[in-house]
Structure formats: C-alpha cells, structure tokens
Amino acid sequence: MKRLLAFFLVLGLLAGCGPQLEKYPRVESSSQGLETQTLTIDIPQEADQLTLDAVSQLAAALLELSGGAITLEVYPSRDPARALRTGDTHLALLDNSGLMAADPSLSFLDWPFLMEDEEQWLTIMGAEDGVVRGSASLREALNGEVIGLWYQGRTVLLGRGSFYEEIGFAGAPLGVLEGREAPGFFQGIGDLNPKTVSTGDGETLLKLLSSREVKYIEYPLGKVDPDTLPELVKHLEDTAHRVEGSWLVLGKGAVDQKTAQIIRAAAAAVPQPAWNARARREEELFQALEAREITVQKRPCPPLRRAAKEYFRKNGKGLGCRESTLERLIELVS
C-alpha cells in the first residue's frame, strides 16, 4: 500500500514537468510483438525535480518505443539498491554513494580533483565497458547492470577570497563536506595542501566561512542559494572537483530480452536532456550570483589535478580501489 501511495505521489509531481506521456501516441502493442506490461523503478526519496523530470523522460521514451506497451511506475525509496537486490523492482536509480555502498572498490567515484571537469568524469565513468559499467563485482553486488548515467551536479568551492589554482590551498583553512574527505588527500598533497581541514554538512561549513574560521569550503553547486549565502562569500570557484551521477540499473533477469532492448534504447535518450536541463539551471544560478556581485570563475586547477593523480596512484589501493582498476583509471586521466 505504501508503494502504491508513493507511486501516485511521484506521478503527481511528474505531471507538470518534462515530456508528457500523452504526447506519445498509444499504438497497439501487437505492432511491437510485446505484451502490455508495467515496469517499476525505485528512486531515492530525496530526488530533486530535475531527477524527476529525467525519470519522466525515461517513462515517455519507454511508452513511445514500445508502441504503448510498456508503462513505468515510480517509487521513492529509502534504499533503491536493496529493492533491486531482492528483486522487488525492475529498475533502480542510484547516486554515487549507492554504488560505493554496494561495491566499496568504486571509491574513486568521489576522489577530488582527479578529473579535468564534469564532461571528462561523465565520459570515463559512463563508458559502457569502462571502470564502472564494466565491473563484474558491481553487477554481482547490485544484482543488476548499470545501463545509463545522468549528470546530477558537481561540487564547487565557495570562498571569502579568490582561489589561485597555481598554489592550490596554499596553507589556507579549508572546509570539506562530511563523509567526503577522500582520506588523506587534502593533507597529503605537499605545498598545495590546506593549513587545516574542517568537516561538516553544508550549513555547518557556511557558518565556518561566515565566522572566518575557513577561507574556502566545498559545496554542492545545485544547493547554492544566492539569497541566503553569507555576505562574506565573494567567490564561487567552479572547480568541478567532484561530480555526482544518477546511475540507472536494470535488475538481473528482471525482464525478457526484447523488453531489455527497449529499456536500453529508452535509457540512451535521457542523458543529454538531463544534462541540458541541469546546465540551464546552473547558468541561471551563475547569473543570479553575479547579480549579487559574487565572482564566478571556472577553475580547471591543473596543479591540483597533477597532485591528485600522483596521490591516488600511490594511495588508491589503500583506499580500496582494485589495482587493475587503478592502473586503468590513472591511464584514462593522463
């Protein structure tokens, strides 16, 4: 009953966003040789509106490509990965932490400054036979296969002063999001490392910045609110040093082969619109920040990326990454 109520809740949220199911003509399923069927997808309870829009696009594509035979029911879930493992759902949408919880050897998903930008991260992590989707251990842990990756946002630096990429943190106090410390990295990069590292959630870090206890803090770009930022925030450094993904997973044996082909085709139609929608939202945010006289600066940070490559090359195995995966990953970012 709870899942049924959840479905209707999400369906209501989807009604006003993204492609509408009604725009896709309902064709007799016999034209596709498919029986009418309803698939389920479990998504994180905290999924934002842009994620709901992307799920709506997936549902619309499934309906169209199946000639009206396949519909999708959406359920907010505390643990989508568990629903997948137990066979309670056909599809699940997981964030980075969900994948890392299932397979800790994927710790590299959240290693900071390893990738040049969000596009490189998506290209490498989303490759069909790459370090994530090609992982047999991940497929076993999930009881399913990753069939798609959507851009979910990135982490930036907020600062009281400008960030100089040539010298990195240069002994300045830094605030790092709790649970995302990438053990040892920020203290292990020599002359580029911060003087001190404080940890906390986003609101805690904003308070530390406002009280001048830190100079820079990590912060999810999608959660930046120009109207509530402390007055001392004068710079947003778009380092894109961590990237968040939404991973679409199809349960093992959840559907027949023909249905699986349609699901894969529908999944392939979603990443670009999902990217475009977030890119528009981010551009609107940057404009709002600049209207408040907050400087927005793109920072590729080559010195920090070189330091990250060397640090993780030496320490990646100790962080749980498999040696073969580590070698392949370092080669890809070279």
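These legends go with several close-up views of a predicted model.

**View 1. The largest pocket and its lining.**
Let us begin with the largest pocket, whose volume is about 1,200 Å³. Its lining is made up of 47 residues, and Gln152, Arg180, Pro220, Lys223 and Glu244 are the ones nearest the centre. Several elements supply at least two lining residues each: α2, β3 (91–94), α4, β4, β7, β8 and α9. Sorted by class, the lining of this largest pocket holds 17 nonpolar, 14 polar and 16 charged residues.

**View 2. The second largest pocket.**
Here the space comes to about 380 Å³ in the second largest pocket. Which residues lie closest to the centre of this pocket? They are Leu122, Gly126, Leu149, Pro271 and Gln272, out of the 18 residues that line the second largest pocket. Two or more lining residues come from each of α5, β4, α8 (257–268) and α9. Strand β4 gives the most to this lining, with five residues. By class, the second largest pocket is lined by 10 nonpolar, four polar and four charged residues.

**View 3. The largest cavity.**
The largest cavity has a volume of about 70 Å³. It is lined by 13 residues, and nearest its centre lie Leu50, Thr51, Ala54, Ala274 and Arg278. The elements giving two or more residues to the lining of the largest cavity are α2 (49–65), β4 (144–159) and α9 (271–291). Of these, α2 gives the most, with five residues. The lining of the largest cavity divides into seven nonpolar, four polar and two charged residues.

**View 4. The second largest cavity.**
This view shows the second largest cavity, with a volume of about 40 Å³. Around it you will find Leu109, Trp111, Leu114, Met115, Trp121, Ala240, His241, Arg242 and Val243. Which strand gives the most to the lining of the second largest cavity? That is β8 (residues 235–251), with four residues. The lining of the second largest cavity includes seven nonpolar residues, together with one polar and one charged.

**View 5. Trp111 and Phe312, a stacked pair.**
The model has 14 aromatic pairs. In the pair of Trp111 and Phe312, the ring centres are 4.3 Å apart and the planes stand at 0°, so the pair is stacked. Trp111 sits in the loop between α4 (96–102) and α5 (118–125), while Phe312 belongs to helix α10 (residues 302–315), so the pair ties together parts that are 201 residues apart in sequence. Are these two residues buried or exposed? Trp111 is buried because its relative accessible area of 6% is under the 20% cut-off. Phe312 is also buried, with a relative accessibility of 0%.

**View 6. Phe163 and Tyr216, an edge-to-face pair.**
Phe163 and Tyr216 form an edge-to-face aromatic pair, with 5.2 Å from centre to centre and 90° between the planes. Phe163 is in the loop between β4 and β5 and Tyr216 is in strand β7, so this pair links parts that are 53 residues apart in sequence. Phe163 counts as buried at 0% relative accessibility, and Tyr216 counts as buried at 3%. Both residues belong to a cluster linked by ring pairs, along with Phe108, Trp111, Phe113, Phe169, Phe185, Phe186, Tyr311 and Phe312.

Strand β5 covers residues 174–177. In a regular strand, side chains alternate between the two faces of the sheet. In β5, Leu174 and Val176 point one way and Gly175 and Leu177 the other way, and all are buried. Strand β6 (residues 197–200) runs parallel to β5 and is joined to it by four bridges, with Leu174 opposite Val197. Strand β7 (residues 216–220) also runs parallel to β5 and is joined to it by two bridges. Here the bridge partner of Leu174 is Tyr216, the residue that pairs with Phe163 in the previous view.

**View 7. Thr325 and its contacts.**
Our last stop is Thr325, found in helix α11 (residues 323–332). Thr325 is buried, with a relative accessible area of 17%. Leaving aside residues up to four places away in sequence, Thr325 touches Phe108 and Val131. Phe108 is also one of the members of the ring cluster.

Note on methods:
Residues are numbered from 1 along each chain as its sequence is written. This is a predicted model: local features need pLDDT of at least 70, side-chain atom pairs count only at pLDDT 80 or more; totals for chains, interfaces and linings use all residues. Side-chain values use heavy atoms; hydrogens and water are left out. Buried means under 20% relative accessible area, exposed over 50%, partly exposed in between (1.4 Å probe, protein chains only). Contact means heavy atoms within 4.5 Å. On a 1 Å grid over the protein atoms alone, a cavity is a set of points where a 1.4 Å probe fits but cannot get out, and a pocket is an open set with protein on both sides within 12 Å along at least five of seven lines; lining residues have an atom within 4 Å of a point. Grid points are joined across faces, edges and corners, and a volume is the space filled by probe spheres set on the points. Ala, Val, Leu, Ile, Met, Phe, Trp, Tyr, Cys and Pro count as nonpolar, Asp, Glu, Lys and Arg as charged, and the others, Gly among them, as polar. Two strands pair if DSSP finds at least two bridges between them. Rings of Phe, Tyr and Trp (its six-membered ring) pair if their centres lie within 6.5 Å; planes under 30 degrees apart count as stacked, over 60 as edge-to-face and the rest as tilted.
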